[in-house]
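Grab a pencil and have a go at a couple of exercises on reading a protein model. Try each task yourself before you look at the solution.

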Amino acid sequence: MNTPDRDMSLQVPGQVKQRYSSLCSDDELLDDDDSTLWQDEVLRNSQGSVYLPNSGRLPSAIKEDSSQLTAVIKMGWLDKNPPQGALYYQRRWVKLDVDYLRYFDSDKEIYSKGTISTAFITNVSSVGELKFEVATNNRTFIFRAESEAERNDWVTVLQDCTRGRHRHSTMNPGSPLTPDYQGYLELKGLRSKLYTVVALDKVYLYKNIEDYRIGVGITSIEMNVGNVKDTDRRSFDLTTPYRIFSFIAESEQLKEQWVNAMRNAIGEALSNSEVAERIWAEPSNSLCADCGAPKPEWAAINLCVVVCKRCAGEHRGLGPSISKVRSLKMDRKVWTEELIQVFLLLGNERVNSFWAANVPPSEALTPSSCTEERRRFITNKYRQGKYRKYHPLYGNQRELDNALCINVQCSDVLETLSLIFCGADVNCSTGMPNWPSPLSLATAHSQPLQAELISHNLNTELPRSVVDMAMDTVPYAPPPCVSYNGFLFKTASMARAITERKTREEFSRRWCTLNDGTFSYYESDKNSNPNGALKASEIVCLAVDTPERHGYENTFELYSESERLYLFGTDDGDSHKEWVKSLAKSFIPASAEPLLRLGFERIGRLKCKDGLNLQTSKVGWFALVGSTLHAYLNDSKGEEIHLRKLNELSIQQDNEVLVLVEKGRTLYIEGERKLDFAGWCAAIQTAAGSGGDTLSQQQLTETDIPVIVHSCIGYITQCGLTSEGIYRKSGVNSRVAALCERFRQDARSVRLREGEHQVDDVSNTLKRFFRELEEGLFTSEDARTWLSTAAIQDESKKISQYQMLLNRLPRVNKATLQALINHLYCVQRFSELNQMNLHNLAIVFGPTLFQTDGKDYTAGRAIEDLIQHYTLIFEVDEQQLKKQLEEITVIIQVREKLNTKFPSTEPGGHFICTVYLEEKKETAEQHVKIPGSMTAAELTCEVLDRRNIAVKDREYWSCWEVSDKEEMERPLHYQERVLPILHSFGTDSHLLIKKHLAMEAMIVYLTSKVDVSKHGMMKFREERSILGLGLTSGSFHDRYFILNSSSLRMYKEVRSNRPERDWPVKNLRVYLGIKKKLRPPTCWGLTVVYESKKQERPEKQQWYLCCDTQSEMREWYATFLSIQYDGNVWPQDGLQQTRVSRVLPDTRHGNVSLIPLRGSENEMRNSVAAFSQDPLALFRDVR
């Protein structure tokens, strides 16, 4: 009988105050557990076991391994049924892939609470309101969605995933999970054992052997990130970047067997990954050849396509005579060096130019396509050959065989594949006794890749013809060839960008032809030998210059693969247009053909990465038209990027990556070639800037509001609504003019900050922008009509007329007007504070917006109407407006409470910062005023005072800089100024006040040191690629380091005489922690940031150090800190003195050592003796 199941995971019994994130469910106890013993044991062993504090969870930015992401079909939040059919449900993050339905505590967890093998699912159906059940032969799991649509979607996807699969009732040797080693292991802290299975490159955990047999587990561990260490006679640790699993075997002998099995699994995982990584090095192989899913792990080795797991299942259904499916990660023996080279040479993109040359858009697959669609498409593609590109010799068997014998003697493997799958016989006779077959012929001519392809197709069943055999023998028609010719004027080719105007005298008249994919230029139309030629396949970019940029009225530039630039010109506008069209058509592929219909300024090929796949680059075709960048990435549909609406545009990593950030997406365009990439960068940056003085030519937000308007309104709402006479008072003219110019150059880069910018300067900048706006906000065409509407007496007619005029405005003007009137409406609602009522605002903004002299109040009356009837004219949601006003009220109250209105003359300005106490959550927030002189110790005391927390003896409360994105943190030195740290913050960083638990141990270590320096081995890795562009290059290597009072030096080995690198210690900033996606070899790592102080060329580097033990890491960090602050690592009297004085420590007492390092031998001996009695006495007595 099926009963509602319980979470297949373990429970932490007892009421433990500190919550631990574990594999244990919060709704099930292990049998025979003594909860009190369990509680004590967990707390004692928490550091070395699987039970880690919540802070040990992986941040969301890298919360899942890429291999896990690729297989996910659907994921989301669901409520799961509790144990024993109780009435309450538990919130679970649920993920479905081809093999398992998994559920987790949260979307940040790596290891699941429970898994259900899809091979054992017998039924999925809707039950009751918003609920559905997943049934196996032995258990039924009930889930509840948030909506009926979501419930139905889960049911449909689950049914599709499990439909047509061979059902299992129990696990057997033929099951998908074939174990290499299995048995019971005990987790430290638990007296119950888990049934553990090592299979291939994973370790699976089950509650017991019965659950293993029915496919219901707890979690699985990817061994490519694992490391196994012996810890005791029967104990060993499986360490991953996310958790440490501490196991106890039943005997020493069994422990050795378990350790060997898991180490073999790690070796299997690493060796398996090596083949996959090499295959994926060809960018098109990182996407499934059939559906486009990322990171495909299977391949049809005879068809030369790399496919995802779901498509591989359908390939198997075709049978091995059609598709020989092999895993990139498991079938190591089949992946010879020659076969890997075949896949790298061809790649999915080139192979699909044959297999998928004629796929109708309505039949194309996507990663979310269902099983039936995949089966139909893959059958048509490979069994029927429906979409292939027919060879010109198709249907002529003799010629096909002859062409095959000729082609295998050269290196064109794609042509061989085309011949084979269009009917050439791989076993045909060559007519040569010494080399009777194409295979022997390829081998004899040293063509191992040809031989490899043929060897895998000796018995392949060729696609069944879908073409009527009565057709002509040559059905394939090559694409029409682009041809054009005429006279052009040409300069000498260049290896650098053109920075100066070329005169007519620098051009030479040349006869130019474009034919058969080659652009050639001759001395004259009578010459038969060209002066030079450029194949269309070598052209990577075509740029159309603005008229009269050079000596000839119309010019264009061609950029080649070999980093050469060719400049051509003509005075004939029609000829120029035809040349540009023909040349573009010759090198732009059919998949990006719509780009040719645009009036582009620049068109060409670039490599790029986006947020969906940052590991591998893909080829994109781009065209720049005005301020819009049109793009076709691989075979995707075209998309438009509105450059003036970008959130961010920057060039990073030595001018090699152009970063375009728009809402919900970041696109990284890479500089494959410096010459054309520099041209693209300059053109895109120019197009993204303000293009003129009209509204539509400004840099815009996503809601079509000019950035300058959005920034000024936002600043005044935050800082100026209580400023008396806002918008009426004048700012400083020079500052206003400078701010206007900064916005005009690049509004996106301007950041308005309190203390740095004055409210009246910003308000006058906004008014000047509208007064100088070309054509005005209301447009020159309709401005008089707006003014005449103000004279209408009937209020309803007047409002209707305003609404009609509003709808006639251009899109940007309408959005801008609504944003401005909304702002002015809010300003006058707080007129008791700022003295700017409706009438006063109308007097100021009437002449400004209508650009009149101010003598006629008609303009003011129109603005007064718009503000007064704002909700009616703009059809505003009253509730939304009420919420907005409430938020503004809160801002004003907070500012008054914190006394944040500071004199502009105060040096350094002030800053309002959110600081967290002990953990980052809303209830722990403190909003603190940060003067320029505030130190970390003063900020710590400020927050502790607010919470009435008394600092006890030997409690080391500190202020920490925490970076979520980089997964690192740093305790600020107690004398360190806070404001510079805040100004250098990213959006993913915050300040946290918490105890420095290692400080006492660091002080003990430093007081025991006689020598200030330190040396030893550490593992080193350097950051070589920009953040966000996938995996960084390189790995961790052992290096010998010497840290002294002036520098940190790195040597290749202990015996080396000359350092590889040398950094000044004062320029290093050391953080605790390393990004887990870098897969550090140990848990104890440091992230080191080096910033040079050179004014002319500041430099920033980031690299990583790994230590073997926690104490070793602590010692290195303490030494860094001691050297950088001359031994003064903690205030002598603790934080109490700082709490009382709130003044900067006297810098004259900063250079004090923690232990007397000078004096006689007796003095040194006495110091050490005193230290042995009281390790902290020497530190406390220093003056």
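This is a predicted model: local features need pLDDT of at least 70, side-chain atom pairs count only at pLDDT 80 or more; totals for chains, interfaces and linings use all residues.

**Exercise 1.** Work out which residues of helix α16 are buried and where they sit around the helix.

*Solution.* 
1. Start with the helix itself: α16 covers residues 733-746, which makes 14 residues. From first C-alpha to last, α16 reaches 20 Å, close to the 20 Å expected at 1.5 Å a residue.
2. Next, look for residues under 20% relative accessible area, the cut-off for buried. In α16, V736, L739, C740 and F743 are buried.
3. Now look down the axis of α16: the buried residues fall within an arc of 100 degrees, so they line one face of the helix.
4. Here's the handy rule behind that: an α-helix has 3.6 residues a turn, so residues three or four places apart point the same way.
5. Check the other side of α16, where S734 and Q745 are exposed.
6. Finally, find the neighbours: the buried residues of α16 pack against α15 (707-719) and α17 (759-771).

**Exercise 2.** Find out how covered strand β9 is, and which residues are its bridge partners.

*Solution.* 
1. On one pairing, β8 (residues 131-136) runs antiparallel to β9, with 5 bridges joining them. Within that pairing, V134 is partnered with F141 of β9.
2. To get from β8 to β9, follow the hairpin, which takes 3 residues.
3. Strand β3 (residues 72-80) also pairs with β9 in the antiparallel sense, over 2 bridges. Here K80 has F143 of β9 as its bridge partner.

How values were computed:
Residues are numbered from 1 along each chain as its sequence is written. Side-chain values use heavy atoms; hydrogens and water are left out. Helices (H or I, at least four residues) and strands (E, at least two) are DSSP runs, numbered from the N terminus. The expected span of a helix is 1.5 Å times one less than its number of residues. Buried means under 20% relative accessible area, exposed over 50%, partly exposed in between (1.4 Å probe, protein chains only). The arc is that of the directions from the helix axis to the C-beta atoms. Contact means heavy atoms within 4.5 Å. Two strands pair if DSSP finds at least two bridges between them.
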